[in-house]
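Open the model in your viewer and follow the selections below in order.

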Amino acid sequence: MTRAAAALLVAVCLPVVGCSSADTGADEGAEPYRIGAVLSLTGSYAGLGIPEKQAIDLEVARINEAGGINGREIEVIYEDDATDAAKAQAAAVRLIDEEGVLAIIGASGTGHTVAMRSDAERAGVPIVSMAGGSVITDDFSEWVFQTPWPNRIVIPFVLKQMAAAGRTNVALISDTGGYGVDGRDYVLAHAQEAGVTLVADETFNAGDTDMSSQLTKIRAADPDAVLIWAAGKEAAIIARNARQLNMQQPLYGGSGIARQEFIDGAAEAAEGVRLGTGRILVPEAFGEGTEAYAVATDFIARFEAEYGAKPDIFAGHAYDAIGLIADALGRIEGDVTSEALRDALEETDGWVGIDGTFTYSPSDHNGLTEDEMVLYVIEGGTWRLDD
Amino acid sequence: MSLLAVRGLTRRFGGLTAVDAVSFDVHESSIKAVIGPNGAGKSTLFNLITGFDRADEGSVTFDGAALVGKRPDAIVRAGLARTFQNTELFEDLTALDNVRIAADVGHPGGFLRSAVRFRLASGERDGAARAAYLLRLTGIDGFADTLARDLPHGTRRLLEIARALATAPRLMLLDEPAAGLNGAETRTLIDALYRIRDEGVALVVVEHDMGLVMEVAEEIVVLDRGAKIAEGPPLLIQKDRAVIEAYLGEECGDDGC
Amino acid sequence: MDAAEFFQYVIAGLKSGSIYALVALGFTMVYGATGIINFAQGEFFMLGGVLAVWFHGLGLPLPVAGIAAVAATALIGIAFERVALRRQRSASPLVLVIITIGGSMVMKSLARHLFGPDELSLPEFTPGPSVDVAGVAVERQALWVWGLTIVAVLLLAWLYRRTKLGRAMRACSISHDAARLMGIDTARVAMVSFGIAAALGALAGFAVTPLTQTSWDAGAAIGVKGFAAAILGGLGNPVATVIGGLVLGLLESLSVAFVSSTYKDVISLVVLLVVLFVRPQGLFGTAQRGKV
Amino acid sequence: MSSVKRIRLFITPYLGLIAAALAVAAVPLVTPDRYVLKVLVYVGVNVIVIAGLALLFGHAGQISMGHAAFVGIGAYTSAYLVKTLDAPWLVGVLAATVLAAAGGLVLALPALRLRGHYLAMATLGFSEIMYVVFREARAITGGNDGLGGIPYPEVAGLKIDTPVGVYLLVWGVALLTLLLVLNILRSRPGRAMRALQATENGALACGIDTVGLKIRTFALSAALAGLAGALYAHGVGFISPSTFGLDQSVIYMAIVVVGGAGSLAGPTLAAVVLTLLPYADALVPGLSKDTIAVMQDWEADIYGLAMIAVVIFAPAGIGGLLKRIRLRGAGEVRS
């Protein structure tokens, strides 16, 4: 026990020594603006975090090459939360206390963003989240901003589109994770308003390999259309299962299935699936000649040149997060502090990004509306604007 | 009145009747032996009496209380201890600690009480002292600090007896205590058995070493194929026709004599 | 509910169930030979899928890619047994379980490094609309899954009953010590069992990837299901294990039909726990002496 | 016996704990760094869980693949009582401990008839069921999005809301837990557990009520997990179901095995080291950005390989190594 204690002492003291020496080493003069980023680079959300990091790297390089902001460069300090809420929270504290960041971009996931919230609030450091959970901005915090379209925006849009096409008897199948549960809440809340009746309401768990039981139940309810509110490979399984059960009803979805992996996974079953999300999938949707079109095509071209693949919607969320912060930094007069940055973010007015044109206010930290949504239909293995 | 009364005890495994309506009595401060050829059901009989196995029929009464259906640990706490044919020692503990664990029987020691104990409680010290005494009684006090796994074979058997004694039994069932022991070790064992008996503990011994059985046992029960074929003092058993046949049958076997 | 709808649920249950059965068989094989619960079994399932995608991407025809993936995973299983477990035979099974947990973490993480974080797809073996059997839609790929499951089970039965190696495996599963005393090379049995278990897992992963896609993290969930199926049926008994897998699949499917899709996993777990408490040896297993 | 000798005899077993307490007290004096304190709060919470699990697995020989669920029961119970129902903090923590113990009892009564892998499956199944409960009982748990804004601990009107305060509270409880567990191990129940683990038949022959012992040990270790969960909830302020899933239970088991069965110091040390490992990139000085990136990327591989390596090269775990060192030290003194 004595030796154990000595080792314990070493284990406890070791980090202490390390940390007290960690915050030296900043340059003299034109010190860069330090921005933190908490991303899920590993774990189950790695598919989100990696393109997000790529987009941020790309944009930071572009801004710095162009001379930075107010003559100062931007430096992003990354932390990987490994898709773990506790790690996201510790990472936020580290970025705030040890790195002294002005703001934090992140996290990739909704739960991870919520986990960082109280520490950011207490320290007075703004968070710009790339997660789509409605809770991030519905449960309002003056320090938390959000770039993607939350379900609060997407769901009513998709429901109205379904109603407009005369598909009023709708069956819902959603996952039991954060995205699906959040979406289901909004479907239940907005169905009536959109003129849609929910005739079936089924769920499944992440990792499930077959949804034909749920779809059999849905088929028996005889809906006009099936709304899939899920992300990940399970959504593709649903599309396949539906086709194999000879279900003729059209399938609808949202941002969760706006990924090439859904089309690859569902293959032919993806044909004819409709989804509502932002315009990045088909930049022409912005309208050629508009500023938004120029911004989007420029980003897509640069991203493709750098990484050899088209950016997905997550890259778009990250583009907007770093872009909004850069824009706000540029507008600050006087001392650049976290609080000034937060105020400047709140004054964002008509900033054109990938997810849409952002206008934040003291009561709206999402800044987007249903107008940013378009309906796509998958045809020939790619997205096409639905007429 | 007898200390232990076994009546009609029966245990079947499938079609085999391992113990077949066995009855006998053990009196206080006496030594009884149970003998019989291999597979006669001696160990099963012990398991039934001590609660390690469940009887299909019959009763066991110890000191006026029925034992059948009780859990093995409850039977030990009632005052009936045992040893095993293949010793079941706590190999990673010292000989002293092996005995000390058994000496804990009857001392209060719930989690809460133990958790907030900041000095050696008197029960703790008594336990250690008693364990040391029992090692002396069985003649293995020289090994007190040796790990059980490092003990010589004969000492292991004596240690198990010391451990059983530590539960303060009134009756002990010893399953082949002399198996694998050399002459000197057997002598130590026999001395220990007498000392134990003289302390007021009755003994039932399953044993193959006939020399030992004939020397120490006051009475002998003979089992063959699960059933009791004879019971009586050593001199009578030696001349019992059924017993001789049972043993000769085993020794000559199929190959003839 | 008409008969066609009911049987649609049954078909769905049998489809998931045969996947569970294949994974569960892997658990049973390794347990029988070594007394270890191999928590890396789910990763073999994952490897079967991602390796098949990789081989297919290299230009190999689908069947060849599948065979290559199963063979490669079997080799990985054998290598894992030899490198990480062989020398530790004397340690308690629970300690060995920890090695398999560590192994599963490494396999999973390496798969992410090598094959990326996103979902991977494989074409169906025989693309086309589902087969209609009296109003019940049966997927073509499901027919493949069943076909491969049956072939695997028959091969295994042949191996167990007709070969010397199989008899050695059975001897080991009854009593490890006795088998060694009989002169059986228990180390070889353990190694081969790991290979077969890995191959079974990989086969399942390969067969369902066209239906479900796969990814580096696909192993954990199916591993738990497979373990549950093996326990439900009776760990160590191959036939019971297969039945356990099918029962688990049916339980889930019928829970969706009659209760709620949200609680389908809870329902099957509660059934599992009740079975365990009432019949610790599983539904169809024979009573076993406790082995810690 | 001289009084000096008496005092030494009394103190010796607790030397490790006293040293640990000094180290714990020294940390806030050396650094006010909130990040370090936060990470050390996670460590302290895990030390409490592991102390209970070391009793259960390391000494009584019973496996549990569901301890994270008990941590979750404690965390949600206290968070709900204090945050939603405005109960005093101490009441919340006490209720968390008692409810987790009750949960452990309910599971243990039937489950401990099972052995080895069957017990593993039963506890694993319990863990998965509780995960669904945490996810679906949204009125209480907040569902997937988690439960935020959980109030800071408050004892007798004193609100513990500074990083140092929370750190000292958690570690105070952790050290107290270690002390109580150490006492248990050094007296009758601890010896009975060791006996049970060595040979159940032998333990029965010593009159040890093995069934009762297993059940009580299970309930105690569940209670400690619940206590740890409550401290986590109030110390960290945010909880969500993913923190209490099967992955975490597996990590707890891994820590105890790496720490070594039959030891308390080993698992405690393993809890400290393995909880710090994922944060090593930020805690070890002088690491370059590239090294950090590689370490983060390969963290799971390192973790897995470390587990395998410890089991292969030190099957008795850290506890075994400590024992060997101590025996060698004693040998030198004697010679």
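Select strand 6 and strand 7 (residues 197-204) of chain A: the two run parallel and are joined by seven bridges. Strands here are DSSP runs of E with at least two residues and helices are runs of H or I with at least four, numbered from the N terminus; two strands pair if DSSP finds at least two bridges between them. This is a predicted model, in which local features need pLDDT of at least 70, side-chain atom pairs count only at pLDDT 80 or more, and totals for chains, interfaces and linings use all residues. Residues are numbered from 1 along each chain as its sequence is written, chains are lettered from A and ligands numbered from 1 in the order in which they are written, and side-chain values use heavy atoms, leaving out hydrogens and water.

Next, colour helix 7 (residues 178-194) of chain A, through which the chain passes from strand 6 to strand 7 in a right-handed β-α-β crossover. Right-handed means that, with the strands pointing away from the viewer, the path from the first strand over the helix to the second runs clockwise.

Now pick single residues. Asp175(A) has Phe204(A) in strand 7 of chain A as its bridge partner. Ala171(A) is bridged to Ala200(A) in strand 7 of chain A and stands opposite Val226(A) in strand 8 of chain A. Strand 8 (residues 225-229) runs parallel to strand 6, with five bridges between them.

Show the surface around strand 6 (residues 169-175) of chain A: six of its seven residues are buried, so the strand is largely enclosed by the rest of the structure. Buried means under 20% relative accessible area (1.4 Å probe, protein chains only).

## The whole sheet

Select the seven strands of the open sheet in chain A, whose order is 7-6-8-9-10-13-14, with mixed pairing. Strand 7 and strand 14 (382-385) are at the edges with a single partner strand each, so one side of each has no neighbour in the sheet.

## Two domains

Colour chain A by domain: domain 1 is 3-148 + 282-369 and domain 2 is 151-277, with bounds from an automatic or database domain assignment. Their C-alpha centres lie 31 Å apart. At the boundary, 10 residues of domain 1 are in contact (heavy atoms within 4.5 Å) with eight residues of domain 2.

Key
Buried < 20%, exposed > 50% of the residue type's maximum accessible area, 1.4 Å probe, protein only.
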